[in-house]
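Please look at the sequence and the three-dimensional structure shown below. The paragraphs after them begin with a single residue and then widen to the whole chain.

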Amino acid sequence: MLEPILGSANAERVLLFLLARDEGYATEIARFFNTDLYGIQKQLEKLESGAVLASRKAGRTRLYRFNSRYAFLMELKALLEKAMTFYPSAEQDRLRI
């Protein structure tokens, strides 16, 4: 749905996952969407380098979440919430569990 704006289906997947779950790591996101890990890792790195996301280490795992200092965070989350309403309800529920 947001792929044309974000430039990548994986960027949309990452952002929607983090919106629904608050925090996540690359393997978890890739498994959830049954997609390539490398593509998810690249999007996480890209979004972190753009200050949209922030990460921290928990053992050997790098956890990502939205960067609370990102200037357009509220607007981005509002856009993602709106996009989420166009997903089938089963997909919305699966994301939010």
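Predicted model: local features only at pLDDT ≥ 70, side-chain atom pairs only at ≥ 80, totals over all residues.

Glutamine 92 is buried, with a relative accessible area of 16%; buried means under 20% relative accessible area, exposed over 50%, and partly exposed in between, for a 1.4 Å probe and protein chains only. This residue belongs to helix α6. Helices (H or I, at least four residues) and strands (E, at least two) are DSSP runs, numbered from the N terminus. Leaving aside residues up to four places away in sequence, glutamine 92 touches Met84, Thr85 and Tyr87, where contact means heavy atoms within 4.5 Å.

Residues are numbered from 1 along each chain as its sequence is written, and side-chain values use heavy atoms, with hydrogens and water left out.

The view may now widen to the chain. Its secondary structure comes to six helices and two strands, and from the N terminus on these elements run α-α-α-α-β-β-α-α. The radius of gyration is 13 Å, close to the 13 Å that the globule rule gives for 97 residues, so the chain is as compact as a globular protein of that length. The radius is taken over C-alpha atoms, and the rule is 2.2 Å times the number of residues to the power 0.38. Along its principal axes, the C-alpha trace spans about 35 × 30 × 25 Å. Of the 97 residues, 37% count as buried. Among contacts between residues at least 6 apart in sequence, 48% join residues at least 24 apart.

Helix α6 also takes part in a packing of helices. Two packed helices are described by the angle between their axes and the distance between the axes. Helix α2 (residues 9–21) and helix α6 (residues 89–96) pack at an angle of about 65°, with their axes 8 Å apart. Axes here are lines fitted to C-alpha atoms, for helices over the stretch in contact, and angles run from 0 to 180 degrees between N-to-C directions. Helix α2 contributes Leu16, Phe17, Ala20 and Arg21 to the contact, and helix α6 contributes Arg94, Leu95 and Arg96. By class, the contact has four nonpolar, no polar and three charged residues. In this scheme Ala, Val, Leu, Ile, Met, Phe, Trp, Tyr, Cys and Pro count as nonpolar, Asp, Glu, Lys and Arg as charged, and the others, Gly among them, as polar.

What volume does the largest pocket have? The value is about 160 Å³. A pocket is found on a 1 Å grid over the protein atoms alone, as an open set of points where a 1.4 Å probe fits, with protein on both sides within 12 Å along at least five of seven lines; lining residues have an atom within 4 Å of a point. The lining consists of Leu6, Ser8, Ala11, Leu15, Gln43, Lys46, Leu47, Val52, Tyr70, Phe72 and Leu76. The elements that give two or more residues to it are α2 and α4 (37–49), and the largest share, three residues, comes from α4. The lining divides into eight nonpolar, two polar and one charged.

Several loop residues also deserve attention. Asparagine 34 lies in the loop between α3 (26–33) and α4. Its phi is near 50°, a positive value in a residue other than glycine, and asparagine 34 is exposed, with a relative accessible area of 73%. Aspartate 36 is placed in the loop between α3 and α4 and is partly exposed at 46%. Alanine 51 is found in the loop between α4 and β1 (53–58). Phi of alanine 51 is near 70°, a positive value in a residue other than glycine, and at 33% relative accessibility alanine 51 counts as partly exposed.

Finally, serine 55 is found in strand β1 and is partly exposed, with a relative accessible area of 22%. Not counting residues up to four places away in sequence, serine 55 touches Glu48, Arg62, Leu63 and Tyr64. Serine 55 and tyrosine 25 are 30 residues apart in sequence and 9.2 Å apart in space, C-alpha to C-alpha.

Methods: Points joined across faces, edges and corners; volume = space filled by probe spheres on them.
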